[in-house]
Amino acid sequence: MSALDPARKRVQVSNNRGRVNGWTGHDRVFGIRVAVDGVPRPGAADKVAALHPANRP
C-alpha cells in the first residue's frame with residue numbers, strides 16, 4: 001500500500017518495484033507488511049492505525 005484515501009475508504013496498491021497497481025477498498029485489505037526480516041517498514045504503523053483507529057498504540 002502506498003497511499004490512503006480515508007474519505008473514500010480506499011488504499012493505493014503498489015508493487016515492490018515502485019509501480020502503482022491501482023486502488024482498492026478497505027474491505028479488501030487483508031494485511032499490511034509492517035516489517036521485513038525484523039526491520040520495520042517506514043510509515044507502515046501509521047497506515048495500520050489510519051485504517052483501523054482502534055489499533056493505535
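How many bridges join strand 2 to strand 3? Let's look at this predicted model one close-up at a time. Local features need pLDDT of at least 70 and side-chain atom pairs count only at pLDDT 80 or more, while totals for chains, interfaces and linings use all residues. Residues are numbered from 1 along each chain as its sequence is written, and side-chain values use heavy atoms, with hydrogens and water left out.

**View 1. Strand 2 meets strand 3 (residues 20-25).** Here 5 bridges join the two strands, which run antiparallel. Strands are DSSP runs of E, at least two residues, numbered from the N terminus, and two of them pair if DSSP finds at least two bridges between them. Val 13 has Gly 22 in strand 3 as its bridge partner. The hairpin of these strands has 5 residues between them, and Gly 18 takes a positive phi near 85°.

**View 2. Strand 1 (residues 3-5) joins strand 2 (residues 10-14).** These strands also run antiparallel, with 3 bridges joining them. Leu 4 finds its bridge partner in Val 11 of strand 2. In this hairpin, 4 residues lie between the strands, and Lys 9 in the turn has a positive phi of about 55°.

**View 3. His 26 in its loop.** You will find His 26 in the loop between strand 3 and strand 4 (35-36). His 26 is partly exposed, with a relative accessible area of 24%; that term covers values between buried, under 20%, and exposed, over 50% (1.4 Å probe, protein chains only). Val 11 is 15 residues away from His 26 in sequence, yet their C-alpha atoms are 6.6 Å apart in space. A polar atom of the His 26 side chain lies 3.4 Å from the backbone nitrogen of Arg 10.

Terms used: Polar contact = N/O pair within 3.5 Å; in protein donor to acceptor, adjacent residues only side chain to side chain.
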